[in-house]
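Subject: Structure for your records, with notes

Hello,

Here is the structure I said I would pass on. My notes follow below it.

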Amino acid sequence: MSSSRDETTRHARHLAICIGTFRRPEMLRALLESVRRMTIPEGIRAEVRVVDNDPEASAAPVLKDLSPIFGAEMPLIAMHVPVSNIARARNAAIERPSDLVLFLDDDETTEPDLLVEMLAARERTGADVVIGMVRARLASSTPRWLAESGLLDHPTGTRDEVLDWAGTRCGCTFVDASWFHERGFRFDEAFGRSGGEDVDLFARMLRAGALAVSAPDAVSWETLPPRRANLGALARRYWHSGASYARIEQPEERRNPVLRFGFRLLKAAGHGLRGVVRARRVDLARALLTASLACGGLQAWLFPEKSARAEAYGPGKRAVA
């Protein structure tokens with residue numbers, strides 16, 4: 001029996017569950033506990049890689065405490081990258097070879113069947129990248145209309161929908177690791193403090209022929225404290241997204257920046273008008289967010305160096321994503 005089990009293990013596909021963390025020890029603990037409860041499908045040999053990107057190594061006590069509960073069947077591997085740069089941390093996580101990668105953010109928790117749904121989507125479509133659904137877990141103080149709006153979620157498309165690069169991200173994302181270990185793709189550290197390093201990576205992969213699809217039944221939950229569950233924080237996230245998208249676009253994909261800015265403002269105005277006519281706060285919120293996206297893109301065009309230096313991650317910064 002032992003020999004048969006060893007043979008199965010040798011032929012199993014190697015999955016690396018990659019997590020970058022920065023000064024969120026209790027959220028990291030909740031994530032790891034949920035990962036430990038995930039169903040690991042037959043034929044998968046999983047390990048968890050946690051990269052602490054805090055110079056002060058704030059995750060170390062949690063990793064030391066939880067390492068024994070993972071054990072040999074799903075080892076927990078701790079790494080420390082003291083230079084605060086989310087792209088560098090993610091590159092460290094994928095450096096060791098594997099067949100498959102599951103990216104999770106340190107403020108998420110996973111549903112038990114997440115990995116089963118990811119693998120099923122990959123088997124159905126042959127996709128290189130599978131993007132799951134990230135739902136917001138909110139404090140009771142969050143305004144009801146905002147909590148019910150869906151604006152705080154990170155949605156994906158319909159089941160097996162093909163996604164363009166603007167629909168990609170790293171949280172709750174499954175990737176064929178051959179893109180890293182055979183084709184040499186890595187996260188660009190120039191985006192490591194501004195954010196957008198994940199979308200930039202997948203944009204380059206899709207241009208090289210990768211296929212990305214959505215898996216809305218693969219669900220994780222993002223814990224949003226009140227300081228991130230408000231329109232101000234959401235508008236900042238959209239602003240950074242607009243700036244990142246402008247940096248990621250290739251010349252052949254690029255619209256005239258002024259026309260794009262005007263188009264987005266018209267779209268924002270349409271949301272705003274509907275909000276006024278229908279007395280719906282969610283439409284007014286969409287107007288603000290679309291305008292923020294427009295302004296971020298315009299800033300990146302007018303002041304590209306300043307936009308590239310904008311920091312959304314690292315010491316003294318709060319993650320916008």
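Helices here are DSSP runs of H or I with at least four residues, numbered from the N terminus. The model is a predicted one.

Salt bridges

The count of salt bridges comes to 20. Side chains of opposite charge can pair when their charged atoms come close.

Arg29 and Glu26 form a salt bridge with N to O at 3.6 Å. The two residues are three apart in helix H2, so about one helical turn separates Arg29 from Glu26. Glu26 is exposed, at 54% relative accessible area.

Another pair links two loops. Arg186 and Glu95 form a salt bridge, and their closest N and O atoms are 3.4 Å apart. Arg186 is in the loop between helix H7 (178-181) and helix H8 (197-207), while Glu95 is in the loop between helix H4 (86-94) and S4, so this pair ties together parts that are 91 residues apart in sequence. Both ends are partly exposed: Arg186 has 22% relative accessibility, and Glu95 has 47%.

Salt bridges with shared partners also join Arg24, Asp106, Asp107, Glu222 and Arg228 into one network. Within it, the side chains of Asp107 and Arg24 meet at 3.4 Å, N to O.

Helix H10

Helix H10 covers residues 257-278, which makes 22 residues. From first C-alpha to last, H10 reaches 31 Å, close to the 32 Å expected at 1.5 Å a residue.

Which residues of H10 are buried? They are Pro257, Arg260, Arg264, Ala268, His271, Gly272 and Gly275. Viewed down the axis of H10, these buried residues fall within an arc of 115°, so they line one face of the helix. Helix H9 (231-248) and helix H11 (281-302) are included in what covers them. The face of H10 turned away from the buried side carries Leu259, Leu266, Leu273, Val276 and Val277, which are exposed.

As for the ends, a side-chain oxygen of Asn256 comes to within 2.9 Å of the backbone nitrogen of Val258 at the start of H10. After H10 comes Ala279, which has a positive phi, near 55°.

Regards

Terms used: Residues are numbered from 1 along each chain as its sequence is written. This is a predicted model: local features need pLDDT of at least 70, side-chain atom pairs count only at pLDDT 80 or more; totals for chains, interfaces and linings use all residues. Side-chain values use heavy atoms; hydrogens and water are left out. The expected span of a helix is 1.5 Å times one less than its number of residues. Buried means under 20% relative accessible area, exposed over 50%, partly exposed in between (1.4 Å probe, protein chains only). The arc is that of the directions from the helix axis to the C-beta atoms. Contact means heavy atoms within 4.5 Å. A polar contact is a pair of N or O atoms within 3.5 Å; within protein, one must be able to donate a hydrogen and the other to accept it, and residues adjacent in sequence count only if both atoms are side-chain atoms. A salt bridge is a side-chain nitrogen of Lys or Arg within 4 Å of a carboxyl oxygen of Asp or Glu.
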